[in-house]
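This report describes how the elements of one protein chain are arranged and packed. Please consult the sequence and the model shown here while reading.

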Amino acid sequence: MILRRLARWAGVLVAIYVVAYIVFRVVYTQVWNKDKQAYVIFPERPILIFYAFRPLTYLGGAMTGMRFHIGPQ
């Protein structure tokens with residue numbers, strides 16, 4: 001019973017994490033004029049946002065070819 005409840009909460013937290021990354025990615029995507037590539041631009045401050053979404057950034061980049069950058073280009 002406790003393990004089932006714990007697994008449910010873990011699933012909910014993972015779902016919230018993935019949805020938060022998707023929203024972040026949609027809001028902070030820019031196309032760089034120099035190479036016409038889409039980039040997810042992470043803010044310079046707080047850098048914690050970059051580290052929090054880093055695993056999904058690598059996974060999303062590998063799946064879609066989108067690049068990422070910290071700070072303005």
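## Basis of the description

Helices (H or I, at least four residues) and strands (E, at least two) are DSSP runs, numbered from the N terminus. The model is predicted, so local features need pLDDT of at least 70 and side-chain atom pairs count only at pLDDT 80 or more, while totals for chains, interfaces and linings use all residues. Residues are numbered from 1 along each chain as its sequence is written, and side-chain values use heavy atoms, with hydrogens and water left out.

## Packing of the two helices

Two packed helices are described by the angle between their axes and the distance between the axes. Here, helix 1 (residues 2–27) packs against helix 2 (residues 48–64) at an angle of about 75 degrees, and their axes are 10 Å apart. Axes are lines fitted to C-alpha atoms, for helices over the stretch in contact, and angles run from 0 to 180 degrees between N-to-C directions. Helix 1 and helix 2 are therefore roughly perpendicular to each other; angles under 35 degrees count as roughly parallel, over 145 as roughly antiparallel, 65 to 115 as roughly perpendicular and the rest as oblique.

On the side of helix 1, the residues in contact (heavy atoms within 4.5 Å) are Tyr17, Val18, Ala20, Tyr21, Phe24 and Arg25. Helix 2 meets them with Ile49, Ala52, Phe53, Pro55, Leu56, Thr57, Gly60, Gly61 and Thr64. By class, the contact of helix 1 with helix 2 has 10 nonpolar, 4 polar and 1 charged residues. In this scheme Ala, Val, Leu, Ile, Met, Phe, Trp, Tyr, Cys and Pro count as nonpolar, Asp, Glu, Lys and Arg as charged, and the others, Gly among them, as polar.

An open sheet of 3 strands has the order 1-2-3 and mixed pairing; two strands pair if DSSP finds at least two bridges between them. Strand 1 (29–31) and strand 3 (67–70) are the edge strands, each pairing on one side only. From one strand to the next, the twist averages 40 degrees. Helix 1 packs on the sheet by touching strand 1 and strand 2, and its direction makes about 110 degrees with that of strand 2.

Strand 1 and strand 2 are antiparallel and share 3 bridges, whereas strand 2 (residues 38–42) and strand 3 run parallel and are joined by 4 bridges. Val40 has bridge partners in both neighbouring strands: Thr29 and Phe68. Ile41 is bridged to His69 in strand 3.

Buried means under 20% relative accessible area, exposed over 50%, partly exposed in between (1.4 Å probe, protein chains only). The largest nonpolar core has 7 residues, namely Tyr21, Phe24, Val40, Phe42, Phe50, Phe53 and Leu56. Helix 1, strand 2 and helix 2 each give two or more residues to this core, and helix 2 gives the most, with 3 residues. A nonpolar core is a set of buried Ala, Val, Leu, Ile, Met, Phe, Trp, Tyr and Cys residues joined through side-chain atoms within 4.5 Å.

Leu56 lies in helix 2 and is buried, with a relative accessible area of 16%. Leaving aside residues up to four places away in sequence, Leu56 touches Tyr17, Val18 and Tyr21. With the neighbours within four places set aside, Val40 is in contact with Phe24, Arg25, Tyr28, Thr29, Met66, Arg67, Phe68 and His69.

## Backbone features in the loops

Most residues other than glycine have a negative phi, and most peptide bonds are trans. Lys36, although not a glycine, has a positive phi of about 60 degrees. Lys36 is located in the loop between strand 1 and strand 2, which form a hairpin with 6 residues between them. Lys36 is exposed, with a relative accessible area of 60%.

The peptide bond that joins Arg45 and Pro46 is cis, with omega of about -5 degrees. Pro46 is found in the loop between strand 2 and helix 2.
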